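Colleague: I have the model open and some questions about it. Can you take them one by one?

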Amino acid sequence: MTLRSVIKGTGSALPARRVDNAELAARVDTSDEWIVARTGIRSRYIAGEGETTATLAVDACRKALEAAGLQPADIGLIVLATATPDQTFPASATKVQAMLGIDDCIAFDVAAVCTGFLYALSVADSMLRCGSAKRALVIGSETFSRILDWEDRTTCVLFGDGAGALVLEAEDGDSGILATRLHADGRHSCLLYVDGGPSTTGTVGKLRMKGPEVFRHAVVNLAKVLGEVLDDIGLSAADVDWVVPHQANARILDATAKKLGLPPEKVIVTVDRHANTSAASVPLALDVAVRDGRIKRGELIVLEAMGGGFTWGAAALRY
Ligand code: UT7
């Protein structure tokens with residue numbers, strides 16, 4: 001028997017306010033036609049007063065715990081992936097811990113931007129398998145609306161806010177996380193970054209991106225890393241039941257699936273409704289597809305993401 005990290009429950013949360021493309025077109029020089037044609041995005045959710053990365057994360061965690069039939073006190077580890085923490089410190093994971101009413105557990109944030117959830121999942125999986133805890137909450141939560149330049153039409157139409165969470169439990173068996181692969185190449189940090197920070201400008205800063213360059217790297221890196229995790233488990237694209245990708249652009253999803261020879265029907269797409277929610281996008285999309293009944297127990301799922309750094313990664317799991 002092999003000890004694996006098994007998904008016991010999933011949950012997600014979105015802010016109350018939905019913003020469609022027409023509303024943005026009234027604010028910057030863009031159009032619904034351009035946004036849909038170039039990205040596939042039709043709407044996004046934007047956090048309002050009182051909605052933060054930590055509050056969205058807590059909502060997602062409560063739903064994941066309920067789906068798992070567990071209580072907050074059953075959790076020994078919280079790993080929260082975010083590039084938009086409530087504060088520079090303490091880690092938003094500790095705010096989540098306090099809001100859930102967990103007296104003592106391991107809790108920390110992971111910063112790998114849009115790949116953050118894959119990094120968090122891989123770290124939590126390693127910690128569970130080496131016995132640091134029995135059960136973990138692994139979260140991706142973001143409020144990217146707060147670091148957008150709302151005058152910059154090349155970025156402000158692309159992102160949204162939200163959170164997704166998984167309950168993982170270490171268990172002997174064949175189900176669970178089978179392999180993870182993580183990468184980073186810091187030479188490309190100037191293509192996708194925030195122009196501020198506590199140690200440089202002393203400000204929070206705004207997101208800046210050279211979209212077409214990021215696009216080109218994304219398709220190559222994502223197809224490659226998905227091939228790597230499948231090689232690790234000795235399976236091929238034909239064995240995959242579902243791909244749950246980072247939701248940056250419908251054209252990236254199509255191009256990556258095509259490169260791997262995966263039919264588009266096997267790709268979970270939520271970018272049309274949620275836009276790019278950075279570290280939240282993979283667990284949000286996973287929760288949507290679990291709850292609408294597409295993803296079923298026993299199926300082979302691959303997750304992938306790519307983002308600022310550059311960072312990129314993938315995971316293969318038997319749900
Ligand atoms: O999550 C992290 C990973 N991020 C990504 O993977 C994002 C990757 N990049 C992309 O998804 C795409 O590159 C974008 C959606 C960001 C941009 O699409 P594109 O097809 O690469 O467009 P472009 O940047 O080459 O711009 C084409 C034209 C430009 O006008 P000119 O110079 O041809 O006259 C832009 O100024 O579209 C213009 N444009 C817009 N027009 C209307 C750029 N943004 C907009 C806009 N509305 N919002």
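Modeller: Start with E228. The model is predicted. Its relative accessibility at E228 is 14%. Buried means under 20%, so E228 counts as buried.

Colleague: Which helix holds D232, and which strand holds R181?

Modeller: These two residues form a pair, and the pair ties together parts that are 51 residues apart in sequence. R181 lies in strand β8 and D232 in helix α7.

Colleague: How far apart are the closest N and O atoms of D232 and R181?

Modeller: A salt bridge needs a side-chain nitrogen within 4 Å of a carboxyl oxygen. D232 and R181 form one. Their closest N and O atoms are apart by 2.8 Å.

Colleague: What is the N to O distance between E228 and R181?

Modeller: The side chains of E228 and R181 also meet in a salt bridge. E228 sits in helix α7 (residues 211-232) and R181 in strand β8 (residues 176-184), so this pair ties together parts 47 residues apart in sequence. The N to O distance is 3.5 Å.

Colleague: By about how much of the helix are E228 and K224 separated?

Modeller: Their side chains meet in a salt bridge at 3.9 Å, N to O. Both residues are in helix α7, four residues apart. Therefore they are separated by about one helical turn.

Colleague: Is K224 buried or exposed?

Modeller: The cut-off for exposed is over 50% relative accessible area. K224 has 55% relative accessibility. So K224 counts as exposed.

Colleague: And R181 and D232: what class do they fall in?

Modeller: R181 has a relative accessible area of 30%. D232 has 39%. So R181 is partly exposed, and D232 is also partly exposed.

Colleague: Which residues are linked in the network of salt bridges?

Modeller: Take the pairs together. E228 meets R181, D232 forms a salt bridge with R181, and E228 meets K224. The network links R181, K224, E228 and D232.

Colleague: How many salt bridges does a search of the whole structure find?

Modeller: The pairs above include E228 with R181 and D232 with R181. A search of the whole structure gives a count of 15.

Colleague: Now T270. Is T270 buried or exposed?

Modeller: T270 is in the loop between α8 (250-260) and α9 (271-274). Leaving aside neighbours within four places in sequence, T270 contacts Q247, A275, A285 and V288. Its relative accessibility is 1%, so T270 counts as buried.

Colleague: What radius of gyration does the chain have?

Modeller: The chain has ten helices and 13 strands. With 319 residues, a compact globule would have a radius of gyration near 20 Å. The chain's value agrees with that: 18 Å.

Colleague: What share of the residues is buried?

Modeller: The C-alpha trace spans about 55 × 45 × 40 Å along its principal axes. Of the contacts with a separation of 6 or more, 76% are from residues 24 or more positions apart. Among the 319 residues, the buried share is 56%.

Colleague: How far apart are the mean positions of the positive and negative charges?

Modeller: The chain has 33 positive and 39 negative charges. Their mean positions are apart by 3 Å.

Key:
Residues numbered from 1 in each chain as written. Predicted model: local features only at pLDDT ≥ 70, side-chain atom pairs only at ≥ 80, totals over all residues. Heavy atoms only, no water. Rg over C-alpha atoms; globule rule 2.2 N^0.38 Å. Buried < 20%, exposed > 50% of the residue type's maximum accessible area, 1.4 Å probe, protein only. Contact = heavy atoms within 4.5 Å. Lys, Arg positive; Asp, Glu negative; His and termini not counted. Charge placed at Lys NZ, Arg CZ, Asp CG, Glu CD.
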